[in-house]
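Open the model in your viewer and have the selection tool ready. The stops below can be taken in order.

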Amino acid sequence: MTTRQTPTATIRSREEMVSAALHSLEPGRGGVILVGGAGVGKSTIASAMLSRTGSNFHVEHIRCSPVASRTPYGALSLLLSALDARSLGHPALLLEGLASVLIEHAKGKPLLIFLENAESLDPLTATVITQLASSGSVTLLITSQDIAAGSGEFLKLWTTGHLRRIDVEPLSLVEAGDLLQQTLEKRLSAIAIRTLWSVTGGNPLFLQVLAQKQISSGRLFELDGVWVLAGDVLFSEDIAEIVRLGLDALTPAQCRVLEVLALAGALPVKVLNQIVDPEDTDYLQEQEMVEVSPGPELTARISDRLTAEALRFGMPSGRSRELWERLNAVLDPSTLPPASLPHFACWGRDCGVDLDPSLLLRAAKAANEQCDPRSALALLPDIDTATREPAALLETVRALVALGELATASQVLGTISSVEGVPDPELRASLAIEHHKLARALPDETGQPTGVLSVTECVHEGMARAIHRVDPQTTMMVDRLILAKAEQAMFDGRHAQLPDELPDLYFDRDRLPDLRMYAGSLLCEAWSVTGRQQEAVTLVRDLLREIGTSNVSEAARDAVYLRAFNALLFAGEYAECLELLDGEEALGMNRVRWASRSELFRGLLYAYAGCSDLALESLVPALSQLSLRDPEGMAPYARAATAYAYSLQDETERAKHHLGLVRVHGYPSSWSIQRGTTYFTLLASSGSGLTEDVADELTSFASEDLANGNVSHALVFLSAATRLEGTVSGDMLASAARRNDGAYATLCRDFGAGLVLDDAPVLIRAAELAQEIGNPLFSYDAARASRAAAHRAGNRAGVRAARLVENTSYRLLRRSHGIEDRLALLTEFELALATAAAAGESSAALGRSLNLSARTIDWHLGKIFERLHISGRAQLREILC
């Protein structure tokens, strides 16, 4: 085992913890006990405390260990070596002698005992140290995994108020990202941070050890200045050993419960309790080491992923086989819930058990539905594809597609000589759908591989079959084909041409939940694009409320989430998009799997809103991660948005660099992705003095979209053109907005009409609405236009109202626009003047104290307001006082 390294990076919450606890370490006070798990950072925090206050004390460092705990007074052996043998046999003499030794060491300074790893302290030592602390002879700084350690002596000191207790929790996701970035000295992609944080539970020591393990194995590597993660995390023996040591207090029977759950993933409680003692399961649940999920059938699993990973990592193969056979003897695999089946099957295969092919197929299908394609492939090993069942080939293809290995998936699917020859209609339809998706992603000269039965033909066949036979299998087959047709129409940009049967599929609650919820998500995206944005947003909210409690597969949940985000984005509801990204967990999303996509979505969202700093914080690492895997062709979209964000910051060379890479990509993109790419590409180009040409192109694309019924994209293009050209496109924007409903359409209508009519109140209404839906750039542009119109009309109140909205929006666009950064731009004289004015000093009074006229003071204040982007004294008082 390698030497454990103490994390040295600074985390703000830990710094605040140190500062808050320092007063409890002053001479004459009882002291502090830091409580938390192994590796959570207790020693680092204690060291920081000592560095701040240690000079006030003589510090005696006592490091406890399991070996020393077996001997009475073992942790004090060095200090007690100075006493004679007679004192060691009498507790009172020993206490007196120890106090004398400590006083001699202190040489007149107050005493502080730093007791590290107090959970390994023997009871006699704990008693002696407690007596010293109670007498006021010493101040204590203790780190312990358990406050009840040492026969409960320190627990008593805490309950009596003598010790201050500080619970050291694992790092949050944001803190983990900060620590890793400081340690590795470069930014990490969201999925790299999320994965490492998820595996380690936010433990600072384990985070750094595991990150170094991934670097040494080549799974975490630097790409374009960003650390990206490729493949699954490789676990570390160092971490596994530390975690297993923490389980030493458990009985062998209790450890067996954890071992079974670590290998099985999750098990129905009634099955688990057939091979373990139920009291052991209950005890582990009380200790919060096992959690039991409610539902139709109670299911048990290990509470934290780190313990499960550590137990799996170090499990001898013989022990694993023994546990599997014990479970298999009482288990009927057909009764396992889908969430448990892949784990059970993978466990059996790892043990060398020859499992039934039908069980492997069901497990692989369940793994794909849970978005675990690697497990699905492990259950469907490479064999002669000519002899493999079409159903197994289908699951292999689905897994490969999920991993982005489209060419391999196409080769596997190509081993079926004819889809039409597959006898089962539902299987034939599913294969046809996969063929069609791959043909779309990997088109040849004809756009479709030879021998593919088209989705349209399958729909017709299914409909004809449904007329003569109505049963659940037929209905499900037809539903899948309807969804495939709708998906293809939207991929092509034909959002107004969805199958007529799609609404019925969603509104019929007797349909399969996966298919029904996905139908609803397709509807809301299509409605958002085609001008029914108010209905789309309402449907999104209904879907998200329902999916949080519905029994839907992980794959369906992901698909619904993606479409719901698109619907809100196309409806211009940016604030609600952000709420959706921040609320994934409440919707039951797998945050590790979604981390990369969420990072990309967040970057795109901020780019649309004109917040360049925030956009780049997400887009730059997302682009690096996309370079490893991008089956949906999102890289050009992200690249163009990155170019636009740089152009907003006047970083022309970086913007040009990314524009030059926009067309360097792999797989074909959907119409919506292509439209987004075009939008950002044009706007990034507008910074090169081509404003009029760009506005013309934006208007041309908008006209095309209006002709095809894709109103939402038309409004996005037209609003950008109008903001570039002013009233030239305003009338067209207002007219197009009347073909739509919802908040964004109202915003565009008011903005266009306000420009044409030079109407300040209408423009400020647009600015306020843009602010409300989370679009600060649109709000800023509309407020500026309103201020100019109000100024032309001599409307001073209108100018003030517009300036207030304009300044608020301005501060949201870039971090450097914030008040703290703007205050740094003031001279010493201006800052003093601003402070006095904020405190309520009148211009006349300030003028008298500075030997200046009140008018001169007002002139200076006006310059200050302009530099800070605030509208007057009231806002100045608000931000300074």
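Is S553 buried or exposed? With a relative accessible area of 14%, S553 is buried, because the cut-off for buried is under 20%.

Now show the backbone around S553. The residue sits in the loop that runs between α28 (533–547) and α29 (554–570). Next, pick A556: its backbone nitrogen is 3.2 Å from a polar atom of the S553 side chain.

Move on to the cysteines. How many disulfides does the structure hold? The number is zero. Select C255, which is in no disulfide; the nearest cysteine sulfur belongs to C351 and is 19 Å away. C255 is partly exposed, at a relative accessible area of 23%. C611 is likewise in no disulfide, and the nearest cysteine sulfur, that of C577, lies 13 Å from it. C611 counts as buried, at 6% relative accessibility.

Finally, colour the chain by confidence. The mean pLDDT is 85, and 91% of the residues reach 70 or more. Where is confidence lowest, and where highest? Helix α24 (residues 455–468) has the lowest, at a mean of 50, and helix α40 (residues 760–772) the highest, at 95. Select residues 1–9 as well: pLDDT there is below 50, and the stretch has 16 contacts in the model beyond near neighbours in sequence. Residues 445–453 also stay under 50, with 14 contacts beyond four places in sequence. Where pLDDT is low, predicted coordinates should not be read in detail.

Definitions and conventions
Residues are numbered from 1 along each chain as its sequence is written. This is a predicted model: local features need pLDDT of at least 70, side-chain atom pairs count only at pLDDT 80 or more; totals for chains, interfaces and linings use all residues. Side-chain values use heavy atoms; hydrogens and water are left out. Helices (H or I, at least four residues) and strands (E, at least two) are DSSP runs, numbered from the N terminus. Buried means under 20% relative accessible area, exposed over 50%, partly exposed in between (1.4 Å probe, protein chains only). A polar contact is a pair of N or O atoms within 3.5 Å; within protein, one must be able to donate a hydrogen and the other to accept it, and residues adjacent in sequence count only if both atoms are side-chain atoms. A disulfide is a pair of cysteine sulfur atoms within 2.5 Å. pLDDT is the predictor's confidence in each residue, from 0 to 100. Contact means heavy atoms within 4.5 Å.
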